[in-house]
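Biologist: I'm new to this one. Can you walk me through it?

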Amino acid sequence: MPMIPTSYQNVFHYRCRFETAGGRLFFLNDTPLESLDNGLSWQLAMGDFPQTGGKIFALNDEFWLQHRDVLFRSPDGFNWDLYRNASFDAEGSYGSFELLENQGRLFMTRIQYYNHIGNSRIFRSDDNGQTWQTIWEGPERPVLANDVNGDRLMLNLFNGGVGSPPQSLQYSDDAGNTWTPVQVVGDYTSMVAKGDTVFVYQKPFVKYTYDLGQTWQLSAQQFHFQYSGQLIMFPNGRVVLVDKTAEIGYMSPDGGQNFGQIFDLQNFGTVLNASNFTQADSLLIAWGGAGTFVSKNEGLNWIYFFEGDWINIQHPVVQNGFLYAGSSGDFVQWNDVPLRTPLLPLLDQLNILSDAGGVAKGKTYNDVNGDCFDAANEPPRVNEIFRFQPGNYLCTSDAAGNVVRILPQGSYQIQFGPVLYHDPGCLTPGPITIAPGGQTNFMLGFKPNQQVKDLMVTMVSTRARPGQPFHVTVLIRNIGTLPIAAGTVLTLAFPEPPILFTSAQPQAANQAAGQLQFVLPDIQTYSELNYKIHLALPPDPGLMGQVFQINAGLTTSFQDPTPINNATTHPVLVYNSFDPNDKTAITSNPTGVMPIRDQSLQYMIRFQNTGTDTAFRIVVRDTLSALLNWNSMKTIGASHDYRLTITDAGVASWHFDDIRLVDSTTNEPESHGFILFGIEPMPGIRVGDILRNKAAIYFDFNHPVITNETATPIVLRSKYRDETVQEQEFRADISPNPVTDQLRCRVQLPYATNLKAILFNTKGQAIRQITHKDYASGEHWLEARLQDLPAGVYNLQITVDGETKTLKMFKY
C-alpha cells in the first residue's frame, strides 16, 4: 500500500529508498523525510542534504548520511549539514567512498578510481567524526564489510575495476589496527563470514573454512551458474547460494558440506528479470521486474506480490513490524509512491515450517555383485528422479549418483520409478529420519534380478525442408545387465530418392541405395552408442507436406527378451519454413491421440543455435502437466551430456552446462540438439483429458525461446486407421431424414468404444444430449423424441474415440 502523504508527493524523485537508523525511519529522495511513527507522519529535513539515495547510520545519538562521495551529519535526523574533514578530504584524489559502522566506530573507505594514480585508503574515527586516522592504504580497490555477527571487519581487496574478482581477503579483530590474511587459493566472486567461519563461491564450488582460512573444504555439489552466484548468510548460521540468472536457491543447514535446492522462483510461472536478493532481518526478499517474493525460512516458503505497486520495488527494509520498499526508476512513473505493508499479516500468509530441517544425502548405484556395498567399479544411477514421502519432495541424482535434498524435520520413505531388470535390494537406513540442522546419510543399491542381454534403439531427427540438409540421430542403449560383444548390426533404411545420403559418423560399413549398415562395437552395461546420419532433400516444392518413413533395426547374435524395441520407425514430415526449436508429443497413434490404456507417451524437444556465435550453456526447462506421473519420467536420450533437475512443482530442467553448441552459420550439422523423454499419465486420468505441454529453451544469457504447445487428447481406444478400409471407421446415418417427432440414427462401430451424440441448432447451441456411454462393437440405433422442437435444420454431432462426424437433420 502507498504510505507517503500526497502533500509530499511533489518532492518525489523517480529513484527512492528507505533507511532505518536509531529506531527511526528515513525516506531518502530529492527531499529527505523522517518519521518517528512508522510512516504515519513525516517531517522534512532542513539544511544541506543530498539529492536522492544514500546510506544512514545512527552513532552516539547522531546520524550520518553518505551519498556517493559526500557526507552529511545531523544531531537529530531533521537538521543536516555537509560534513568535511581535512583528514580524508583530498579534493580530486579519490573517486568515491563508503561509510561503515562497527562497534561504535565509523570507518570511511576512500576508493581511488581504477587506473588513476594514487592509493585507496581506509580511515577510522573513534570520536564520532571529530578526528580520523588511516588504518589501511594500498593500490587495490578495498571493500570493507562486517561479518554476520557485526563484530569483525572483513576486507576484500580487488586488483581490477568494478566486476573483477577479489584478489585477497583479510580480517581485523582490533578495529583495523592489524590485518590478518585469510588464505584463499584462487579468485572468488562472493563471500560471507560469521565468526571464524568463512564461505566463498569459487565456481563451481562453495569453499568453506571453520578456522579463518587455515584449512578449506569443498561443498559436495558443483554449481555451474551463467553469472556468479550470490552467498547470503543468516544469523542462525544457515547459508543460501543464489543463482540469480535462474532464480534458484540452494541452502546448506550443515555448515557448507551439502547444499540442496530450496527454492525455484520460476515455479511461480514468472521470471523476475534483473532479480535482486537481499536479507532484511530474518526475511529473504527477492524483487525484480515481475514482482516481489518474501520468505521467512531461507526460501522454503514464499509470498509472491505480483500486481500493482509491488513490481519493481527497490531496497526493502524492516522496521517495527512493517516491511517498506522504495520504487525503482527504470520501469515506473516518476511519481510512483513508496510502499509499506504490515509485516505480521504478511507472515501469517506464509506456510512457515518450524525449522528448515536437515539434509538427506544418499548414493544410488547399480549393485552389480549384489553385496549391498558400493564398489568402485559399480556404476551410479545418474539423472534418476526420487520422491520423499510424505510431502512429495522431489530430487534427482547427479553424475556421481549422489542424491541431496533439504527436508523439514520428520521421517520419510524414498520412492522411485520401476527399474528394469533390477530390484531395490539395498536401502539403508529406511525410513530416513531428518533432525533439525542434521544430516542423514543413506545408500540405495539396485541389484540385478536376472542375467540378461537387452538392446534398445531410439531415433530422432531434425526437421526436413526441400533443398536443405536434415540430420538423424540413432541411439543404441544397453538396458540389460550383461555387456554385449561386438558384432550387432544396425541397419538404417530410408526412401532414396527423394532422400539423399551425404555422410555419417561413424562411417557405415555397408552402403546401398536407401540403406546403411553399421557394425557395432562392444557395448558395456548401462552405456549407449550414438550414430549421426546426415541426409538431404532436393529443392522440390512438391515434397512439402509429404511424410517419409525412416526405419532403424538391430540384428543381434543373441536372444533379446524384448525384440520389439530393437526396431523403430521415425516419420519425417517435410516443412516449408519452421522454427527449429520445437516440441513433439509421440504416442502409439499417428494422429496424436493417446488411448487411456496406453502408457506409452514420449516428448521430443529439439533446439538449434541459429545465432552467430557458440552457445556455451543451454538449459531446457519443461513444466510438466499435473496429469502426468512426474516420478515415472525417464530421459530416453539426449544429444549431449546433461544434468537433470526437477522441482516439487514438476519443473524438469536439463542443464547442458558446457555444451559449446556451434552456431548454424559455422557448422550447421553440429548446431542441433535434442532431448527425448518418456513419461506415464497419472492413474486417475480420464477420457477427454488433454495433456498440454511446452518447453522453454535458454541459450546462455538470452531470453528463453518458448516452443509450441503440444496437446494430446486422451481417448478410450484408438487404432491405426487406413482411410481406404471402411471397416476401421465408424459409420452413421439418420433414417428417415427428414424426421417428424422421432430421431433414429444408425451407428456402426468397428470395435467397442465410447460414443457421445449431441444435437445442435444452426446457431451452434447444444440443445440436447442424445447419449454418452460405452458401446460394444457392431450396429446400434440412437433414438430420441423431438416433438417439442420447432421445425428446421439441426446438426447431430457424433464423437467416437476422438473422431467426430456431423450429420445434418431436417425436422418437419
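Modeller: A term to start: a polar contact is a pair of N or O atoms within 3.5 Å; within protein, one must be able to donate a hydrogen and the other to accept it, and residues adjacent in sequence count only if both atoms are side-chain atoms. This is a predicted model, where local features need pLDDT of at least 70, side-chain atom pairs count only at pLDDT 80 or more, and totals for chains, interfaces and linings use all residues. Residues are numbered from 1 along each chain as its sequence is written, and side-chain values use heavy atoms, leaving out hydrogens and water.

Biologist: Which side chains does R124 make polar contacts with?
Modeller: The side chain of R124 joins that of D126 at 3.0 Å. It also reaches the side chain of N177, at 3.1 Å.

Biologist: Where is R124 found? Buried or exposed?
Modeller: R124 sits in strand 12, residues 120-125. (Strands are DSSP runs of E, at least two residues; helices are H or I, at least four; both are numbered from the N terminus.) R124 counts as buried because its relative accessibility is 5%; buried means under 20% relative accessible area, exposed over 50%, partly exposed in between, with a 1.4 Å probe and protein chains only.

Biologist: New topic. How many helices and strands does the chain have?
Modeller: One helix and 68 strands. Of its 812 residues, 52% count as buried.

Biologist: What about the largest nonpolar core?
Modeller: That core has 32 residues. V474, I476, I533 and I550 have the most contacts inside it. Such a core is a set of buried Ala, Val, Leu, Ile, Met, Phe, Trp, Tyr and Cys residues joined through side-chain atoms within 4.5 Å. Contact means heavy atoms within 4.5 Å.
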